[in-house]
Amino acid sequence: MSVTPPSAAPPGAGAPPHGPRRWLGLVVAVALVSGGVAYAVEQRQEDARSRPTATVTPPTIRPNQGTKPPSKTAAAIAARRVAIDTILLRRAKAVRTVDERLFLQDVDPANAKLRQAQKVLFANLVEIGFQEIGYSQAEERFDAAAAREHGPSTYLVRVLMRYQIPNVDLTPVTTELGYTYVNRGGRWIMADDDDLDKDLGPGAHQEAWDLGRIEVHRGPRVLVLVEKGDTQRGRTIVAEAAEGLTQVTAYWPRRWRGTVLIAALDETEVRDARFSDEDVESAASAGSTFSSLPGQDTADGTVAGAYIVINPKERDRVDEILLSHEITHVATADLGGYEPLWLAEGAAEYVSWRGIEAISGPGEVGKWEQEIIDDALPALPALPSDAGFYQNTADVYGVSWLAVRFLVSRLGLPAVEELYEDLARHGTDLASRDRILLTRTGFNEASLWVYLKEYEPQR
Ligand SMILES: [Zn+2]
């Protein structure tokens, strides 16, 4: 019942598999994205100095035609830009008009493997039924291996895919890709789709539709993506998600009318979720979508919502309890994501335990609450901080849940929801957080902790 945050560092990079769900995750993501851009620019300049015509001049431009070299190069770059823009427009149109031939028109005819992968991608994109889809060129990137593999005309470009899934994405959102184009006989074609993956932000080119043929299951306010042929699972998860949604609606006051996207694939890495590490025990993850990516317009980016990804090892155990926790994250994601993790996880646990209480009565919840007070609380020195939250071996989820139960008992649920909303929108730094918390509850985090330790639930 945990959440896997955007894990910005690649596996094996020395960073822990989990980081705080947004905050720290985003900071690292920004560092990676801007680092990548800086690297690319540096490399491009280096490349331009050492091989002035190798990467920018398509074979159609012949030297000594009376055009001065600088303008010739600029003209070649401009021509290439227009050619790739046209290809990307065609690509989006192909999805909108369900035209596979058009989608494959600019894919290397000699690369059977790439064409097959693009066919699968096309089928997935069509099946999802985007309300809006478009691709645009960001900046050129350089990769020595890609240049060696694809030859002197290699053009590696970061591409922004902007799309909107009906009801799921309340605004258009953006995801990153890296495409490799080469000029063959005067014509630009796509030569590869993954040369840049390692230099992109977390989760890039790992959307659910990027990973193999999927099957889409729909219910009211639910969209479930499973492996092609995994039909029964798709139906089961739709039903469990409907129950989970009912609980979130019943136990969390914020009116959220969106549709939940849940990916339950046989993949350990989907979007920014990474379940491949053995010490990752998360059953599911709620990872952000962005209307503007971190580093695109602002350092943090703009969170638009969240998609749920299920750990492949836990796919048989997906139930309404797990999903009500994750859906609480989704139903609060578009607020901004600046709330402290103890509040985010505490609220999600609060909702899912209210669901358990409705099924099994107050006894079990009361027993669990007492165990947290007796065992988990004394093991911590303070409210769990964002840093290291997901690495903490203490029961930070239980203590976060207890803190929310305590606040609800003192202030009432509507006031706690308003606190959540204010913090999620405006808690951009520790000073703002403390000010909002103090204004709305009379506590700062330190005094909240003191009172929490003396909390005796009324039963
Ligand atoms: Zn969670």
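1. A residue counts as buried when its relative accessible area is under 20%. By that criterion, histidine 325 and glutamate 345 are both buried in this predicted model.

2. The zinc ion has His325 (NE2), His329 (NE2) and Glu345 (OE) as its protein donors, lying 2.0 Å from the ion. Along the chain, these donors follow the spacing H-x3-H-x15-E.

3. The residues in contact include Glu345, Tyr350 and Trp353 of helix 8, and Trp401, Arg405 and Leu407 of helix 10. By class, this contact has 11 nonpolar, 2 polar and 4 charged residues.

4. An open sheet of mixed pairing is formed by 5 strands in the order 5-6-7-11-10. Strand 5 (214–219) and strand 10 (284–292) are the edge strands, each pairing on one side only. From one strand to the next, the twist averages 25°.

5. Strand 5 and strand 6 (residues 222–227) run antiparallel and are joined by 6 bridges. Valine 216 has leucine 225, in strand 6, as its bridge partner.

6. Two helices should be noted against the sheet. Helix 4 (residues 112–128) lies across strand 5 and strand 6, running at about 5° to strand 5. Helix 6 (residues 231–251) packs on the sheet and touches strand 5, strand 6 and strand 7 (260–264); the direction of helix 6 makes about 150° with that of strand 6.

Conventions:
Residues numbered from 1 in each chain as written. Predicted model: local features only at pLDDT ≥ 70, side-chain atom pairs only at ≥ 80, totals over all residues. Heavy atoms only, no water. Contact = heavy atoms within 4.5 Å. Helix = DSSP H or I, 4+ residues; strand = E, 2+ residues; numbered from the N terminus. Nonpolar A, V, L, I, M, F, W, Y, C, P; charged D, E, K, R; others polar. Donors = N, O, S within 2.8 Å, 3.2 Å for Na, K, Ca; no water. Buried < 20%, exposed > 50% of the residue type's maximum accessible area, 1.4 Å probe, protein only. Pairing = 2+ DSSP bridges. Axes fitted to C-alpha atoms, helices over the stretch in contact; angles between N-to-C directions.
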